[in-house]
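Please read this briefing alongside the sequence and the 3D view. It is written for someone new to the structure.

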Amino acid sequence: AIAATLAVLGVQAHAQDYSAAQRAIFNTPHLANITEPVTLRYTYKHQGTMEQAFDDIVDVIITKVMPDGSRDVSFNFLSDKHHQDFPVIEGFHSNPVIMMFLEHDVAGLSSQTGGSTVYFRNRIRDAFVDRATAEEVMVSYDGKEVPATHVTLQPFLQDPLRERFEKFAEKTYEFYLAPDVPGGVYS
C-alpha cells in the first residue's frame, strides 16, 4: 500500500525529475539518523471541518536496521475508532509517517464528501509536482534552533470540481522536515 501510494503521489524513478517538495518529502533518507530499533512517537491533532477535533498518537516503529542503511518499519496509526492499519514496510529509507498521514487524510476526504480516493490522491500528486513550495527555515528542537525544510501545498484551491467540496478547497498541508530530528520529520 505504501509503495502504491508513492507511485500514485508521483514519486518517479529518477530523482532529478522531482520537484523540490517531492525530493524533500519522498526522496530524502529521513531515517538515516536512526541507527538501532526505536519507536518514533508523533502527536496527531485533528481539527476538521466536518468531524469533531481530537488528539491521538502515531507510532512509527523501526524494528530492524540493515547494513545497507534501510529499515524495517511497522506502525500504530491512531487508536480506537480512528485507528488505521498499515502493513509492515521492509527496506525503507524515508520516514513513511507522511505517506500514512496523506493516505489517512485521503480516506477521510473521500468518506466525508463521497468523492473518489483516486481523485483526491491525484490532486495531491499534482500539487506536489507543480504547486508546492519548499523553503529552508529553522525550527526549535531540544532547546536549540535546527535547519528544516518547510513544504506547503494547497491541492484543492484551483480544483475544477471545487464546488463539490468547497469546505476543503483551501485545505493546506504543511510539513517540516529536519535532519537533526530523529526520523527527520519535525511536524
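This is a predicted model: local features need pLDDT of at least 70, side-chain atom pairs count only at pLDDT 80 or more; totals for chains, interfaces and linings use all residues.

Residues are numbered from 1 along each chain as its sequence is written, and side-chain values use heavy atoms, with hydrogens and water left out.

**Whole chain**

- The protein chain has 4 helices and 7 strands; helices (H or I, at least four residues) and strands (E, at least two) are DSSP runs, numbered from the N terminus.
- Starting at the N terminus, the order of elements in the protein chain is α-α-β-β-β-β-α-α-β-β-β.
- The protein chain has 187 residues, of which 44% count as buried; buried means under 20% relative accessible area, exposed over 50%, and partly exposed in between, with a 1.4 Å probe and protein chains only.
- Of the contacts in the protein chain between residues at least 6 apart in sequence, 49% join residues at least 24 apart; contact means heavy atoms within 4.5 Å.

**The sheet E5-E6-E7**

- Strands of a sheet pair through backbone hydrogen bonds, either parallel or antiparallel.
- Here 3 strands form an open sheet in the order E5-E6-E7, with antiparallel pairing; two strands pair if DSSP finds at least two bridges between them.
- Strand E5 (133-141) and strand E7 (173-177) are the edge strands, each pairing on one side only.
- On average, neighbouring strands of this sheet are turned by 30° against each other, direction ignored; axes are lines fitted to C-alpha atoms, for helices over the stretch in contact, and angles run from 0 to 180 degrees between N-to-C directions.
- Strand E6 (residues 144-153) and E7 run antiparallel and are joined by 5 bridges.
- Val-151 stands opposite Phe-175 in E7.
- Helix H4 (residues 117-130) packs on the sheet and touches E6 and E7, with its direction at about 120° to that of E6.

**Two loop residues**

- Met-66 is in the loop between strand E2 (54-65) and strand E3 (71-77).
- Beyond its neighbours within four places in sequence, Met-66 is in contact with Arg-71, Asp-72 and Gly-91.
- Met-66 and Gly-91 are 25 residues apart in sequence, and their C-alpha atoms are 7.6 Å apart in space.
- His-82 lies in the loop between E3 and strand E4 (89-92).
- His-82 counts as buried because its relative accessible area is 16%.
- Neighbours within four places in sequence aside, the contacts of His-82 are Glu-51, Phe-54, Asp-56, Phe-77 and His-104.
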